[in-house]
Amino acid sequence: MKKSPEHNGEERARVVMFTRTRCILPVACLQICFLVCLSNGMSDQDIRRLREEVRGMFYHAYDGYMRHAYPYDELRPLSCDGHDTWGSYSLTLIDALDTLAVMGNKTEFQRVVGLILERTNFDVNINVSVFETNIRILGGLLSGHLMSRRMGSKVEEGWPCSGPLLRMAKDVADRLLPAFDTPTGMPYGTVNLREGVPDGETPITCTAGVGTYIVEFGTLSRLTGDPVYEEVALRALHALWNHRSAINLVGNHIDVLTGRWTAQDSGIGAGIDSYFEYMVKAAGLLQRPELMAIFKQAWAAIEKHLRHEDWYLWATMTKGYVTMAVFQSLEAYWPGVLTLVGDVNTAQRIVYNYHQVWKQFGFTPEFYNIPQSEAPNNREGYPLRPELVESLMYLFQATKDHNLLEMAADIVVSIQHSAKTECGYATVKNVNDHTIENRMESFFLAETTKYLYLIFDHDNWIHNTGRSGHAVTVNGRHCVVEAGGYVFNSEAHPVDPGALACCSMRDDDWSLSLADQVALILDPMAPWKGHLGHRLKEEKEDCNSDGKLSYQEASQEVEESELEEAPRTTQLGEGSVVILHGNGKILAATEVPKETKSEGEKPLPIPSASRTPQPQGQGMDESPSVIIDYANKYIEKLKEASEGKPVTSGLGSSSTADGETEVKERHTTHREILVDDDSGSSGIMKKDSVGPRFSSLSEAAERGGNTSGMEAASISPSVSSSKYSTSPGSPRIIPKTPKTPIPPIKKEFVLADLKERLVIDLSSYRNFTKTASYSLLSCPHPPFTRMLNFKGQMFYP
């Protein structure tokens, strides 16, 4: 029926009245509405759709590499060909191997392993980055070796302590060892795979290039039984920490021959980042509490001198004076590290800031000037980095907050819109106009797509929280692998701590029954009767300042009579599926496909509250202050909108000279044209729209502060590595520092000499390890209960 004009006028009046009423709702009602929206989250269908979108991203890039670039190191996605970058050893293929496993592609995994074993040769006369070869090649080979059984590959007798990929990894590590033969124990940045340290090699190495080996080298030592790899990595870590400043900060570049700092800017970003990451991860993976103790001291100094509100700035390592008020794209790993050590609330606030930068540009630039809310010249690129995605994955596992899924979805949209090409995905040269250039780094397949996939694949096998595993036989003795708790290296290559325990258990550990062995892996703090391997100290060290029991104290409350009830299951055969429980109880079932639920599986008994205190901050319901903080910001936006003010987000939005907020439209067209780069070569593609830009970050802030020597010289505080910088530069030399004569480089490497130095330099650290408090590794933080474990152990809430 046609409505009369009077009726239409009444309807419009009702709409206006409803709109006005809606704008003046009480604040409390708005908070409730906002919390209800948060609780609804993303639908399961949307999550599955995004998971498949990411799977398609990976295979588009992977197929492009295999079709156009293999056997070269990397794909050039604009010219659809390949080139060597880091060593001419098919880098992208090795880097992508375990991503195939995460996505469940057994057939292609097996084929790629065959290609690697058949064609890859490291006995070549080329100079390579020690750091990059370690995290990408060594890490990829070790992870592929540990996933071989699950991916259906035929494994040899003695696996996981032997295997062809493991032998190849050992060969790579042996070729890196000469770099560590220095007076300080800190490695050179470059090594020749055949000849050792090149003649005339610079002794200047970045901090991350010194301290990012313990995860891979420790894994190799535990699997092979040769301690030299773990010991050289430990020696480098401790030598670096011994050269810290009086306020517990470390610089950016150091002379590995003399220990003299040549760049004294301190931060959490480029050139330093993975040094902190590896102390946390290796402390648990290798059961070295002294590394966690070092991290706690470094963390306290970072919070005191580098953190300003919810940003981390660069400062002098000696005084803590701010030198650069910038955020770097590489710093986005830090919320993930905070999540691993249990500071989830801080991690959420910081990742929110970082995501606002993403929303401003559609990507995170290499550098972001916080006061000016802009990307500095020559630092506007985004080479498809994974760090923000990594932190989102850790945080989501700890909180299950669907806001993090929305952030990850933003990243998928941006990359699909602006970086996708006919053959793969291209580096974004400038986040302001989304110009792209002819390079696809291997970490896009190793890290970015893997972390995105794991965010949206909630049932992925790698999320196993210690509820099940597989029994394997090693030298006639039973142990359990694939029980979860995977520790990712800096290139997102997962390491199974249960496999390390299989190959490195002491004789007294092997004398236990299989049930007690598994319980030892799951909970090394349990006071097993007659077992001397556990450190149980009478002095209790609280994990938190709120007076809650540490996990060590909680575990001591378990009655020995309960432990004796654990079933003895030493009759389990090779490949049996084992259902695990943290108190030594094991339920066994036969081997079945992942999709099929075994009839032999029984529900796990729920640990009582008296055994383990309930961790705080496991979900948004347990951290209401964070939600209210977000809700208050949301309400402020609504108030500004109702008053006709420009809506701001994060720290505000960029303003013009007239004080009016500049609003940039989001374009949807996607026309591509080739343009010439600075060198005149037609190797850059420009997209005439910037795609998803969302909103800008902050209102114009006061400009000022000290200027960093690195910033003034246009030098990125980084190693000459694309992991850290797409525009390499030389480290800044601190003036007025007496020069120390550099001894000649020893061309011939003698392993016996290096082992002799290890015995001397690590004697004090061995004592430190024995006396360090294991309660540092046993705090009941949310991530430990949800995804991480130490030496395979899980903490149950």
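What follows is a tour of confidence, strands, disulfides, core and salt bridges.

Let's start with confidence, since this is a predicted model. The mean pLDDT of the protein chain is 74, and 61% of its residues reach 70 or more. Among the elements, helix H17 (residues 443-456) has the highest mean pLDDT, at 98, while helix H22 (residues 560-563) has the lowest, at 30. Over residues 581-635 pLDDT stays under 50, and the model has 117 contacts beyond four places in sequence for them. Residues 724-739 likewise stay under 50, with 38 such contacts. Where pLDDT is low, the predicted coordinates should not be read in detail.

Now to the strands. Strand E17 (residues 468-474) pairs with strand E18 (residues 477-481) in the antiparallel sense, over five bridges. Together E17 and E18 make a hairpin with two residues between them, and in that turn Asn 475 has a positive phi of about 55°. If you want a landmark within this pairing, look for Val 472, whose bridge partner in E18 is Cys 479. Keep that cysteine in mind, please.

Elsewhere, three strands form an open antiparallel sheet in the order E8-E11-E12. Strand E8 (265-266) and strand E12 (322-324) stand at the edges with a single partner strand each, so one side of each is left without a neighbour in the sheet. Strand E11 (residues 314-316) is joined to E12 by two bridges, and the two run antiparallel. Here Trp 314 has Met 324 in E12 as its bridge partner.

Back to the cysteines. How many disulfides does the structure hold? There are three.

Cys 161 and Cys 503 are joined with their sulfur atoms 2.0 Å apart. This time the torsion about the S-S bond is about -105°, so the disulfide of Cys 161 and Cys 503 is left-handed. Cys 161 lies in the loop between helix H6 (130-147) and helix H7 (164-176), and Cys 503 in helix H18 (residues 497-504), 342 residues apart. Cys 161 counts as partly exposed at 21% relative accessibility, whereas Cys 503 is buried at 18%.

A further disulfide joins Cys 80 to Cys 423, with an S to S distance of 1.6 Å. This link is right-handed, with 80° about the S-S bond. Its ends are 343 residues apart: Cys 80 is in the loop between strand E1 (74-76) and strand E2 (81-83), and Cys 423 in the loop between helix H16 (402-418) and strand E15 (427-430). Cys 80 is partly exposed, with a relative accessible area of 21%, but Cys 423 is buried at 3%.

Next, step inside. The largest nonpolar core has 184 residues, of which Phe 276 and Trp 334 touch the most other members. Beyond its neighbours within four places in sequence, Phe 276 is in contact with residues including Val 250, Phe 295, Ile 302, Tyr 333 and Trp 334. In soluble globular proteins, nonpolar side chains tend to be buried together.

A search of the whole structure finds 29 salt bridges. One of them pairs Arg 175 with Asp 123 at 3.6 Å, N to O. The partners are 52 residues apart, with Arg 175 in helix H7 and Asp 123 in the loop between helix H5 (106-119) and strand E3 (127-129). Arg 175 counts as buried at 17% relative accessibility, while Asp 123 is partly exposed at 34%.

Glu 230 and Arg 288 also form a salt bridge, with their closest N and O atoms 2.9 Å apart. Glu 230 is in helix H10 (residues 228-242) and Arg 288 in the loop between helix H11 (273-285) and helix H12 (289-305), 58 residues apart. Both Glu 230 and Arg 288 are buried.

Conventions
Residues numbered from 1 in each chain as written. Heavy atoms only, no water. Pairing = 2+ DSSP bridges. Helix = DSSP H or I, 4+ residues; strand = E, 2+ residues; numbered from the N terminus. Disulfide = S-S within 2.5 Å. Buried < 20%, exposed > 50% of the residue type's maximum accessible area, 1.4 Å probe, protein only. pLDDT = per-residue confidence, 0-100. Contact = heavy atoms within 4.5 Å. Core = buried A, V, L, I, M, F, W, Y, C linked by side-chain atoms within 4.5 Å. Salt bridge = Lys/Arg side-chain N within 4 Å of Asp/Glu carboxyl O.
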